[in-house]
Amino acid sequence: MQPEQIQVTTFGHPRHQEDGDYWWFDPAPVPRDLTLDPETQLALSNADAALGRLSGVGGMLREPRLLMRPYAVREALASARIEGTQASLTDVFQAEASRTPTRERDIAEVSAHVDALERGFEIASEQLSVKVLCEVHRILMEPDRATKPGESIRSDPVWLGSPTQRPETAIFVPPVGDALNRALADWEDYLENPPRVPALIRAALLHYQFLTIHPFVDGNGRTGRMLVLLFLRQQEILSVPLLYVSPYFANRRREYYDRLQAVRERGEIQQWLQFFLTAVAAQADDGVLRSRELLGLRERYRAELAGTRSRAIEVVETLFMNPIVTSSLIRKQLGVTNQGALNLIRSLASRGWLTELGVHGKGGGTLWLANEVFAAIAGDESGA
C-alpha cells in the first residue's frame, strides 16, 4: 500500500509502520452525521419498500423455519464463493442429506457458515456486539485447521491484494496495533449508541467499517456479510432470514471490492451506499419471488396429498428444508422402517416430485432430488 493511494482523508489516513517499513490505513470513526444525496435517498426508499414486501411474505409463513435452512445455505454458499470457494449448491445439499462427515474443505466451510449464521441469528434477537461476532467467527472458522482454538481479534498485521505477499505491494493494509483497537471500540460504540440514521444506512456503514478494520486474520468478509443479516435481525427488520445479500455481491465481486476501496481512497461513500442499498432491494425482491414459489409448491403438494393416509406429506415438509433426501434420512426423521421410507420416497417419485440422483459416496445411500423445490431455491444457480 502506498500513501498516495489515499486521495481524500475523510474516511482515514495512511500511516507509516517504522518497524516494518510499510504503510497502513488508519480509519476515521464511523460518521455519525451523514447527509444523503438524492440518488442515495431514492435507493434507500427502494430498499425499504423491498424489505417491507419481504417482511410481508415472512409474516405469511406458519412455520418460518421451513425456509430458513435453504436460504441460509444460499447465503453461505454465495458469501464463500466471493472468497474463492468452489462448492455448488448441489454439493452442499448432498452432503447434508447423506449425513456423513465430509473431507471436502469447500463444503465444510459452507456448512460451518450456515451453522454460524443460524447461531448468530438466534443471539442477535437479544444482542449484537464484537463479542457476539467473535463467537460467530469461531463457528465459521472451525473447518480451518490453521486457525488456533480460541483465536479472535488479530494481533498481527494483514494485507489484501498483494501480488508478492508483502504489505508494501498490497492494495490495502488494515489498521494495526492500537489503531485497530481504537477503530473496533468506535465501531462497537456506533453499534450500541447509534445516531438518528436509517437502519439500512447504518448497516452499510457498519459493513464497510468492519471490512476496513479487518479484525480477524481470516474470515472477515464472510463475517462482515453475515453481520448485515444479524444487524437487521437486531433492529427487528428481519424476523426470518429470508434476505441474502451475498449472491448480489458475488455476481459483482470486482465492483463490490472497488466500491469499498473507493471510500477509503476517494471518500466515495454515496456510491458505496447506493451499491449496498441496490443489493438489498434486488435481493429482497428475489427473496419475495423465491418464497412465493416455494410456498406455492408446498401448498400444491399438500393439496394433492390431502385425503391420503400416507405419511408422504411429512416427507414433503422435509424437502423444503433440503430438496435432496435419502431413505435413511426419512427413516430417522419419521421413525419408519427402511422399506417404509423407500415406499414413501417412491410414492413421491411416481408423482414426478422426486428424481433419483444415484448413490452418493462409497457405500452411501441413494439420493433423491426434488427438482421443482431445488429450482425454486437455486434460481439462476439451478445448474450449479
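Predicted model: local features only at pLDDT ≥ 70, side-chain atom pairs only at ≥ 80, totals over all residues.
Residues are numbered from 1 along each chain as its sequence is written, and side-chain values use heavy atoms, without hydrogens and water. Helices here are DSSP runs of H or I with at least four residues, strands are E runs of at least two, and both are numbered from the N terminus. For α4, residues 105–124, I checked the end C-alpha atoms, which are 28 Å apart, in agreement with the 28 Å that 20 residues should span at 1.5 Å a residue; the expected span is 1.5 Å times one less than the number of residues.

**Largest pocket.** I noted about 640 Å³ of space in the largest pocket, a volume being the space filled by probe spheres set on grid points that are joined across faces, edges and corners. On a 1 Å grid over the protein atoms alone, a pocket is an open set of points where a 1.4 Å probe fits, with protein on both sides within 12 Å along at least five of seven lines, and lining residues have an atom within 4 Å of a point. Of the 25 lining residues, Glu83, Leu160, Gly161, His214 and Tyr257 are the closest to the centre. I then asked which elements give two or more residues to this lining, and found α8 (220–234) and α10 (253–266), with the largest share, eight residues, coming from α10.

**Strands.** I traced an open sheet of three strands in the order β3-β5-β4, with antiparallel pairing; two strands pair if DSSP finds at least two bridges between them. Since β3 (324–325) and β4 (355–359) each have a single partner strand, they stand at the edges, and one side of each is left without a neighbour in the sheet. Four bridges join β4 to β5, residues 366–369, and I recorded Leu369 in β5 as the bridge partner of Thr355. Elsewhere, six bridges join the antiparallel strands β1 (residues 12–17) and β2 (residues 22–27), and Asp21 in their hairpin, which has four residues between the strands, takes a positive phi near 55°.

**Aromatic rings.** I found 15 aromatic pairs, counting rings of Phe, Tyr and Trp (its six-membered ring) with centres within 6.5 Å, and calling planes under 30 degrees apart stacked, over 60 edge-to-face and the rest tilted. The rings of Tyr248 and Phe249 make an edge-to-face pair, because their planes stand at 80°, with the centres 6.5 Å apart.

**Positive phi in loops.** Most residues other than glycine have a negative phi, so I looked up two exceptions. Gln165, in the loop between α5 (130–140) and α6 (177–192), has a phi near 60° and is exposed, with a relative accessible area of 61%. Glu236, in the loop between α8 and α9 (246–251), also has a phi near 60°, and its relative accessible area of 71% makes Glu236 exposed.

Terms used. Buried < 20%, exposed > 50% of the residue type's maximum accessible area, 1.4 Å probe, protein only.
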